[in-house]
Amino acid sequence: MELQKQQAEIYAARKSQVGTGDRSEKIKTYNYKDTRMSEHRLKLNYDLNKVMDGGISECIEALIAADQQERLKELADEMVTA
């Protein structure tokens, strides 16, 4: 019983980290014609020329902030249910 519960938790953790590979699970789109990089997880667009010149820090910082916010939300949810 305990082993099944542990295996189910491991399976759920893996499933949450790996997508299905479907086209709808886009992460980034590079549109050279419009010089735009779209970050689909954040629903934001960035100037592709700046990104290609190494100015990707704005995007990375936004991703880090979103990840931290999600982790804090999960932690708060755990605290409420505990």
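Confidence in the predicted model of the protein is lowest in helix α1 (residues 2-17), with a mean pLDDT of 83, and highest in strand β3 (residues 44-47), at 96; pLDDT is the predictor's confidence in each residue, from 0 to 100. The protein averages a pLDDT of 89, and 96% of the residues score at least 70. Because the model is predicted, local features require a pLDDT of at least 70 and side-chain atom pairs a pLDDT of 80 or more, whereas totals for chains, interfaces and linings use all residues. Residues are numbered from 1 along each chain as its sequence is written, and side-chain values use heavy atoms, with hydrogens and water left out.

The secondary structure comprises 3 helices and 3 strands (DSSP runs of H or I with at least four residues, and of E with at least two, numbered from the N terminus), arranged along the sequence as α-β-β-β-α-α. The radius of gyration, taken over C-alpha atoms, is 18 Å, well over the 12 Å that the globule rule (2.2 Å times the number of residues to the power 0.38) gives for 82 residues, so the protein is more spread out than a compact globule. The C-alpha atoms fill a box of roughly 55 × 30 × 20 Å along the principal axes.

Buried residues (under 20% relative accessible area, 1.4 Å probe, protein chains only) make up 10% of the 82 residues. The largest nonpolar core consists of 6 residues, M37, L42, Y46, L48, V51 and C59; such a core joins buried Ala, Val, Leu, Ile, Met, Phe, Trp, Tyr and Cys residues through side-chain atoms within 4.5 Å. Beyond four places in sequence, M37 is in contact (heavy atoms within 4.5 Å) with K28, T29, Y30, L44, N45, Y46, L48, V51 and C59.

Definitions and conventions: Buried means under 20% relative accessible area, exposed over 50%, partly exposed in between (1.4 Å probe, protein chains only).
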